[in-house]
Amino acid sequence: MFNKPLQYPKTILAAFFMLCVPFLMILKDVKIDNTADGMIVPGDPDKVYNEKVKEIFGGDTLIIIVVQSDNIFQEDVLQAVEDLTYAAENLDGVSRVVSLSTVFKIKWDKEGGYLDTDQVMASVPYDQEEIDAIRKYTQQDEMIINEVISKDGKSTAINIFIEKQPDNPGLGEYLTTEVDKNIAKIESALGDKIEMYAIGSPYLELETSRSVQKDQNTLIPLCVGTILLVLFLFFRSVLACLIPVITGAMSVILTIGLMVLLDFAINPISGIIPMLLLVIGSTEDIHLLSEYMKGLATEKDKNKAVHRMMTRSLIAICLTSLTTFIGFATIISNDLPVLREFGIATSFGIAINFIITIFVVPSILKLYKKPKLVIANEDPNAPPSAWTKFEHSVADFTINNRKPILVFCYALLFFCIVGCFKVEINSDFLAYFKKSSDVRIKFNDIHKRLSGAYSFFVMVEAPEEGGLKNPRLLADIAKLEDFLEERFDKVVGFGKLIRRINREMNDGAADAYEVPDSAELVTQYSLLIDQDTLARFVDYEFQHTNIIVRAEDGSSKYLSKVMKEMNEFIDTELSRELKIKPAGELLLIGKAADSMARGIISNLVLMLATIFIVISLLFFSMRAGMLALIPNMIPIIVMFGAMGWFGFYLSIGTFSVAVIALGIAVDDTIHFMTRYNQEMKHIQNHRDAMKASLIHEFAPVLSTSFALTIGFAVLTLSNFGIIYQFGFLSAIAMIFAFIGDIFFTPCILYNTPIISTWDFMKLTIDPKVAKESTLLKGLKNSEIKKLVLLGLLKEHPAGAHIIKEGEDSQDLYLILKGSAKVVVNDKEVAQPKVGDVIGEMAFVLNEKRSADVIANEDVELMVINEKTLERVTNRYPRISSKVFRNMSQILSGRLKATTKQY
């Protein structure tokens, strides 16, 4: 199939390079998306509800500018707060700013006999007495303490609420840039007198993106370079480095180009696609190179070595690519957009990598000069190298220690399965940063000085308009606020606001901090509140209220725990008339990450099930599918076990490791099974066939596994937790993928006969064989094929001896094509034809041959011996029972004929 196209290697390479050019040109249009939108199922009720809350109360996303000084209450420092506040209010996407310059008082004026609701700082005061009055008030108003001003008066915050715009994904970066400019301007004016920084989820997203980008620009190239260097040391050839780079680069360019055409953005999930394609693609390249190097050792001609490589490896590469493609394609069925897009892109990448591999690799090998290392080792009489001896030692060790190896592997799996149950799902993005990182220091600092930088809403809906003025319902809302305040840094809401006013109206009495028992009083108190302040918490109809929560811990694990406790509290303590539901970007991200993690697990199960079905079909056996599945699960189980024992969370970063490990394991397993199937056709001995397979596959599996382990280990140098965890877990997965393929797979496949679908489809049986052969009587055509494929096929030219008189052999032969003659004492006594059996007496009696059997024409024979029948019995007992019955009839007939002669 490929011989003719591969006669034009330069044309093939030129065609593929030309195909890549237009895709390369559009890579500049690739989009980057670090938002949570792609992790939320379209039409998700929670997202719809969140949009409703934002329409009423604005966005919940926060940028917080923290201003620190030995004394905040100085004219120039307060002027800086006002300048930053007004600058923030003029930024695009800002819905509200809460600071000393925008908050209002709630204080009973005894002298005037009225409730003072003026701004705390309408303008920057120049009089020290006014400044001291501001200081005194802010230190006693629990509504603004820790949200706007610290208890010690040394820190103040400008809280900038953002209204995210779906059509403007760069809004967060724009705002952080502008805020930083404003901070730098103020700092340059005030010098050491003031310290300022900005923090919040946009900064966290931006810092995450920058950290990943930094590592991609430094550690990822170092990782790839390390992998290629190790491959060069293994193969001592530039080819081992050149080919994975070329095929990998082409695959990545075409795949990312397709993503641009489909308007898919690069997100935290799809960001691993280049590494994924390079890693999985390189395994196929190395298997081809290994076969090519072995071909050069026996073939003098380079082109013949390339032909040998493609002939022996094409089926395995087709099967591995097909299985991996189907496995990744199952992800397309996921509801989450990021996973669905990931499935589309990766399955396309695997498919295109297969096409590139089978055309580009042999074309490069045809054009590239013959490696010097192979030329030096062409002497067939040279003693075996140290490497060859090592391969044989490993193969012998595996075969001779099957039981201890299986015991070790099963014990390891049990230990890792225990660890799997310790794995927790969590989307704490802050935990990806080291404790010494600037972003984490700022998040911790704002929690200590003021309140946490995370925020979300708890929306409460009354049964009717004006329902929030009902003292009974408002008292329940106040209970909910107190419940939340016990668990989070800061909670402000309408219930707290009304209670604060009620206390002031009762001369500051502590026991008056409660919801008044009159709806009229609630209405009157509401009229006293500044409308901008009131709009933060209550809608115009007094049917919806918004509790604003500030949290230190933004992890989905903690938030899920508190939300569960809150729901239990609502069910047992509050009125059923109220509809209460949390909302906010933070909760959506947490839910999306948790949903994605659970989706990942279900997708991995679906991928494994698909692999099991595909391998079962490819090798005509559910047992083979199950046995092949076990080594594929080893690196995944070990990875999840390591996560559990080391305390890593299941998250966006760790998902990709399981995918890569599965892709590598599937490739190596199918290559091994295909090789074992091929060796069994010629060797007909489980031990020898297994040893030959191990020796053949050892170099490519070891080289790729070792290279990938070292390469991924480089990523543990990252200061960013998600990259560190990815590198650490990937290195572990590669080690145990190697252990599974070289030690575990041979042990569980030992004594397991394998029939491949392609051999079954390719085999044709002469209808005369089934019709006229007594040995095959009662067997269907499919059963005959299975019997033949489990045996050994031999061909003899016309005139050649099939059996020689006096030789010590006990094989039984079934003639599939041609005819022969039986000669005793130079006299022809029989002419067996298609379907006849020869050599049955020596087979049964275990005696030397009593006659010569010579081919009259070109003959094809099936060889049947004890090992053949043992394989058939183990694999297809019903077929073997029919064969034994037919064999007894043949022997009975032959005995009867012999008796008549004498």
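Tutor: This is a predicted model. Let's begin with Gln-725, which has a relative accessible area of 13%.

Student: What makes Glu-860 buried?

Tutor: The cut-off is under 20%, and the relative accessible area of Glu-860 is 15%, so Glu-860 counts as buried. Glu-860 belongs to strand E20, residues 859-864. Among its contacts beyond four places in sequence are Leu-793, Leu-814 and Lys-817.

Student: How do you know that Asp-826 is exposed?

Tutor: Exposed means over 50%; Asp-826 has a relative accessible area of 79%, so it is exposed. Asp-826 is placed in the loop between strand E16 (820-824) and strand E17 (827-830). Its phi is near 60°, a positive value in a residue other than glycine.

Student: Now the charges. Why is the pair Glu-142 and Arg-503 called a salt bridge?

Tutor: A salt bridge needs a side-chain nitrogen of Lys or Arg within 4 Å of a carboxyl oxygen of Asp or Glu. For Glu-142 and Arg-503 the N to O distance is 2.9 Å, so the pair qualifies. Glu-142 lies in the loop between H4 and strand E6 (155-162) and Arg-503 in helix H16 (residues 494-505), so the pair ties together parts that are 361 residues apart in sequence.

Student: What makes Arg-500 and Glu-504 a salt bridge?

Tutor: Their N to O distance is 2.6 Å, and the limit is 4 Å, so they count as a salt bridge. Being four residues apart in helix H16, Arg-500 and Glu-504 are separated by about one helical turn. Salt bridges with shared partners join Asp-141, Glu-142, Arg-500, Arg-503 and Glu-504 into one network.

Student: How many salt bridges does the structure hold?

Tutor: There are 28 salt bridges in the structure.

Key: Residues numbered from 1 in each chain as written. Predicted model: local features only at pLDDT ≥ 70, side-chain atom pairs only at ≥ 80, totals over all residues. Heavy atoms only, no water. Helix = DSSP H or I, 4+ residues; strand = E, 2+ residues; numbered from the N terminus. Buried < 20%, exposed > 50% of the residue type's maximum accessible area, 1.4 Å probe, protein only. Contact = heavy atoms within 4.5 Å.
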